[in-house]
Amino acid sequence: MTARIQPARTLTAYAPRSSRPAALLAALSLCGLLAPQQAQAAPADFVGTWVNSNVATSGITRVNVTRSGDGPLTVQVFGRCHPTDCDWGSAPVLTYGANVSDTNHLTASAVYAKGFSNTTLVMTFTRGRLDVQALTQFTDGSGRQNYASRAAFTRYR
């Protein structure tokens, strides 16, 4: 007599076959909710007048990002001075994606050489807000310490 071998049953057959697509769809939807979401941004999303969320700041008060036609972006920065804010002038802006083929540009930079210091701005566009980090290096031999500051800006117009 020959023994008959039964095929092994898989453990994935708990749910009826008709509910498997629904379960798969629910799992994929849940993964979409749990995965970090990044807003798509293009260099044009940086364009506008941005004001510091902290109205009492002693640093950068306003950032104007402009673009002439399809040309490059430029930034004009204003810092806290009295009686009116100091105009740092304009500087070219470079934007960056996460890799070499990424057109989703969420980061930008600009450099200001002010004679007595160099300031590099790193701007990040996130959820309709512009976060600006300013890295200042003193070049005048004054002994002042280099410093970094960070502020959040909201679009004014």
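The points below begin with conventions and then turn to the core, one threonine, and the aromatic residues.

1. This is a predicted model, in which local features need pLDDT of at least 70 and side-chain atom pairs count only at pLDDT 80 or more, while totals for chains, interfaces and linings use all residues. Residues are numbered from 1 along each chain as its sequence is written, and side-chain values use heavy atoms, with hydrogens and water left out.

2. Not counting residues up to four places away in sequence, I60 touches N52, V77, F78, G79, W88, L121, V132, A134 and F153, contact meaning heavy atoms within 4.5 Å.

3. T136, found in strand β8, is buried at a relative accessible area of 7%; buried means under 20%, exposed over 50%, and partly exposed in between, with a 1.4 Å probe and protein chains only. Its side chain is joined to that of T119 by a polar contact of 3.1 Å, a term for a pair of N or O atoms within 3.5 Å, one able to donate a hydrogen and the other to accept it, where residues adjacent in sequence count only if both atoms are side-chain atoms.

4. There are 4 aromatic pairs, counted when ring centres of Phe, Tyr and Trp (its six-membered ring) lie within 6.5 Å, with planes under 30 degrees apart taken as stacked, over 60 as edge-to-face and the rest as tilted. Among them, W50 and F125 are edge-to-face, at 6.3 Å centre to centre and 80 degrees between the planes, and they link strand β1 (residues 48-52) with strand β7 across 75 residues. W50 and F125 are both buried, and ring pairs link F46, W50 and F125 into a cluster.

5. W88 and Y112 also form an edge-to-face pair, 5.3 Å centre to centre with 80 degrees between the planes. W88 is partly exposed at 22% relative accessible area, whereas Y112 is buried at 4%. The charged end of K114 sits over the ring of W88, 3.7 Å from its centre, the criterion being NZ of Lys or CZ of Arg within 6 Å of the ring centre and within 35 degrees of the ring normal.

Technical notes: Helix = DSSP H or I, 4+ residues; strand = E, 2+ residues; numbered from the N terminus.
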